[in-house]
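Subject: Structure handover

Hello,

Here is the structure I promised to pass on. Please look at the sequence and the model first, then read my notes below.

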Amino acid sequence: MTLSLVKTGAIAAAMLIATASSSFAATWAMVDQDTNVKAGHYTTSGNVNYVEEGDIVQVIGHWGNWYKIAIPGPNGWVRSYKLEFDYEDDPSSPGFQFCFTGPFGGYVCANS
């Protein structure tokens, strides 16, 4: 029981800190050209998914000239030149969603 309360408290604290900080709010981008989604942020990493030109994706991480995207199926990494950030926002696009790795493993997302 105590461990469960500690885990719940840690997750709640992490979500509070994450949502209170606007330094890395989730960003939406449009895929500029068809591309493979990689498991890691390097060219030789294995392919885990695929996105097509025109898809709207959520950017949840950044490393050098790579962006981690959240998409249906496995999330992964794409090169920065494959994404377009200056596109006309579609008012029907999904709301804000913040995702991060939980303190005890796993993936935690919070919707607005």
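His 62 is in contact (heavy atoms within 4.5 Å) with Tyr 67 and Trp 77, leaving aside neighbours within four places in sequence. This is a predicted model, where local features need pLDDT of at least 70, side-chain atom pairs count only at pLDDT 80 or more, and totals for chains, interfaces and linings use all residues. Residues are numbered from 1 along each chain as its sequence is written, and side-chain values use heavy atoms, with hydrogens and water left out.

More on His 62. The residue sits in strand β4, residues 56–63; strands are DSSP runs of E, at least two residues, numbered from the N terminus. His 62 has a relative accessible area of 44%, so it is partly exposed (buried is under 20%, exposed over 50%, partly exposed in between, with a 1.4 Å probe and protein chains only). A polar atom of its side chain lies 2.7 Å from the backbone oxygen of Gly 64. Arg 79 is 17 residues away in sequence, and 9.9 Å away in space, C-alpha to C-alpha.

Next, Ser 45. Its place is the loop between β2 (35–38) and β3 (47–51). Ser 45 is buried, because its relative accessible area is 6%. Its side chain has a polar atom 3.3 Å from the backbone nitrogen of Ala 39. Beyond four places in sequence, Ser 45 touches Lys 38, Ala 39 and Gly 40.

Last, Val 78. Its contacts, not counting residues up to four places away in sequence, include Thr 35, Asn 65 and Leu 83.

Best wishes

Definitions and conventions. Helices (H or I, at least four residues) and strands (E, at least two) are DSSP runs, numbered from the N terminus. A polar contact is a pair of N or O atoms within 3.5 Å; within protein, one must be able to donate a hydrogen and the other to accept it, and residues adjacent in sequence count only if both atoms are side-chain atoms.
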